[in-house]
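Here is a short tour of one protein model. Keep the structure open beside the text as you read.

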Amino acid sequence: MIISINGKITDEKKACIPIVSEAFLFGYAVFETIRTYNKKVFRLDDHLARLYLSADVIGFRPKWSFKRTYEEVVKVLEQSKRWNEAKVRVILSKNRLIIMVEKIQEKPQDMYRKGVKCVSFQGKRNLPHAKKLADSFSYVAKNYAESCGAYEAILVDQKTYVREGAYSNIFWINGGELYSTNKEILFGITRETIIELAGKCNFEGIKFSSLLHADEVFITQTTSGILPVTEINGQKIGDGKPGPVTRDLMKKFDALVWEK
Ligand code: PDD
């Protein structure tokens with residue numbers, strides 16, 4: 001892994017921040033997970049725009065400007081060219097910019113071919129538009145999903161409306177039409193890309209009980225792209241296989257991100 005702290009490349013074992021920093025004590029910092037495809041970084045502008053929006057939402061003005069952060073990420077990426085597909089984590093606190101680059105661990109192909117299992121988890125993330133370190137709710141939800149043998153937890157609010165995944169956005173398809181909610185979620189960069197590729201998306205909410213009867217469901221996330229969801233709470237979605245609209249969007253997404 002390559003780690004840069006405030007512009008200095010640091011050895012992984014020696015990289016540290018003061019234990020009394022707010023970032024450590026309260027998780028008071030924001031972050032982005034970004035990735036490269038064929039050495040090209042995907043939608044860096046959008047990710048960094050969301051990073052600064054997140055800082056604004058939780059109420060701090062970073063010492064590092066957008067422009068300097070952008071230049072620093074590009075510089076660190078230049079030094080990490082040994083990996084074609086890299087995962088880039090950018091953490092921004094009041095006084096620090098931390099960039100971590102490592103080889104991405106791609107998900108097994110079977111997850112794309114057969115789809116993944118999800119479980120519901122009650123509640124929603126606090127300050128959902130911000131991607132912040134202090135998001136232990138997502139961590140708890142994801143742990144719960146894994147303890148059930150599922151890949152992801154679907155967050156369901158008090159009124160039983162579906163919000164997002166613990167670490168992903170959710171889409172569903174009914175009668176050939178694409179749907180996603182836009183209420184109190186993290187606006188994922190992959191989600192935006194899918195909406196652009198689909199050309200049309202309905203933003204009506206859905207109750208969890210109706211999601212179980214959707215024709216198709218999929219989740220989106222930077223590191224894994226689109227993953228079909230074929231089972232929720234032990235119930236098959238559609239015929240239990242990735243559906244045609246999902247597969248078509250997966251093809252279009254792949255063509256876009258791997259384009260030379
Ligand atoms: N997670 N919703 C939540 C709560 C997330 O944490 C994420 C991203 C998304 C999808 O956003 P994007 O398409 O920009 O990755 C939605 C990342 C991958 C993470 O936590 O590392």
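Which residues come nearest to the ligand? Of the 16 residues around it, the nearest are Thr-33, Gly-188, Ile-189, Thr-190 and Thr-222.

## About the model

This is a predicted model, in which local features need pLDDT of at least 70, side-chain atom pairs count only at pLDDT 80 or more, and totals for chains, interfaces and linings use all residues. Residues are numbered from 1 along each chain as its sequence is written.

## Around the ligand

The shell holds three nonpolar, ten polar and three charged residues. Here Ala, Val, Leu, Ile, Met, Phe, Trp, Tyr, Cys and Pro count as nonpolar, Asp, Glu, Lys and Arg as charged, and the others, Gly among them, as polar.

Helix H6 and strand E12 (216-221) each supply at least two shell residues. The largest share, three residues, comes from H6. Helices (H or I, at least four residues) and strands (E, at least two) are DSSP runs, numbered from the N terminus.

## Helix H6 and its partner

H6 covers residues 189-198 and packs with helix H8, residues 244-257. The angle is about 110°, and the axes are 10 Å apart. Axes are lines fitted to C-alpha atoms, for helices over the stretch in contact, and angles run from 0 to 180 degrees between N-to-C directions. H6 and H8 are therefore roughly perpendicular to each other. Angles under 35 degrees count as roughly parallel, over 145 as roughly antiparallel, 65 to 115 as roughly perpendicular and the rest as oblique.

Which residues make the contact? H6 gives Thr-193, Ile-194, Leu-197 and Ala-198, while H8 gives Leu-249, Lys-252, Phe-253 and Leu-256. Two residues are in contact if their C-beta atoms, placed from the backbone, lie within 7 Å. By class, six of these residues are nonpolar, one is polar and one is charged.

The buried residues of H6 are Ile-189, Thr-190, Arg-191, Thr-193 and Ile-194. A residue is buried if 20 or more other C-beta atoms lie within 10 Å of its own, exposed if 12 or fewer, and partly exposed in between, with C-beta atoms placed from the backbone. These buried residues pack against helix H2 (44-58), E10, E12, E13 and H8.

Ala-198 also belongs to H6. Is Ala-198 buried or partly exposed? Ala-198 is partly exposed, because 17 other C-beta atoms lie within 10 Å. Not counting residues up to four places away in sequence, Ala-198 touches Leu-178 and Leu-249. The C-alpha atoms of Ala-198 and Asp-248 are separated by 9.4 Å, although the two are 50 residues apart along the chain. After H6 comes Gly-199, with a positive phi near 80°.

## The nonpolar cores

In soluble globular proteins, nonpolar side chains tend to be buried together. A nonpolar core is a set of buried Ala, Val, Leu, Ile, Met, Phe, Trp, Tyr and Cys residues joined through C-beta atoms within 7 Å. The largest one has 32 residues. Cys-118, Ala-145, Ala-153, Ile-154 and Val-229 touch the most other members. Two or more residues come from each of strand E7 (116-122), helix H5 (136-147), strand E8 (152-156), strand E10 (169-174), E12 and strand E13 (225-232). Another core lies apart from it, with 19 residues, including Ile-34, Val-76, Leu-92 and Ile-99.

Look at Val-229, found in strand E13. Val-229 counts as buried because it has 28 C-beta neighbours inside 10 Å. Beyond four places in sequence, the residues it touches include Cys-118, Val-217, Phe-218 and Ile-219. Val-229 and Ile-170 are 59 residues apart along the chain, yet their C-alpha atoms are separated by 9.4 Å.

Asn-6 is not a glycine, but its phi is positive, about 45°. Asn-6 lies in the loop between strand E1 (2-5) and strand E2 (8-10). Asn-6 counts as partly exposed, with 14 C-beta neighbours inside 10 Å.

Glu-184 is not a glycine either, and has a positive phi of about 50°. Glu-184 sits in the loop between strand E11 (177-179) and H6. With 17 other C-beta atoms within 10 Å, Glu-184 is partly exposed.

Technical notes:
Near = placed C-beta within 6 Å.
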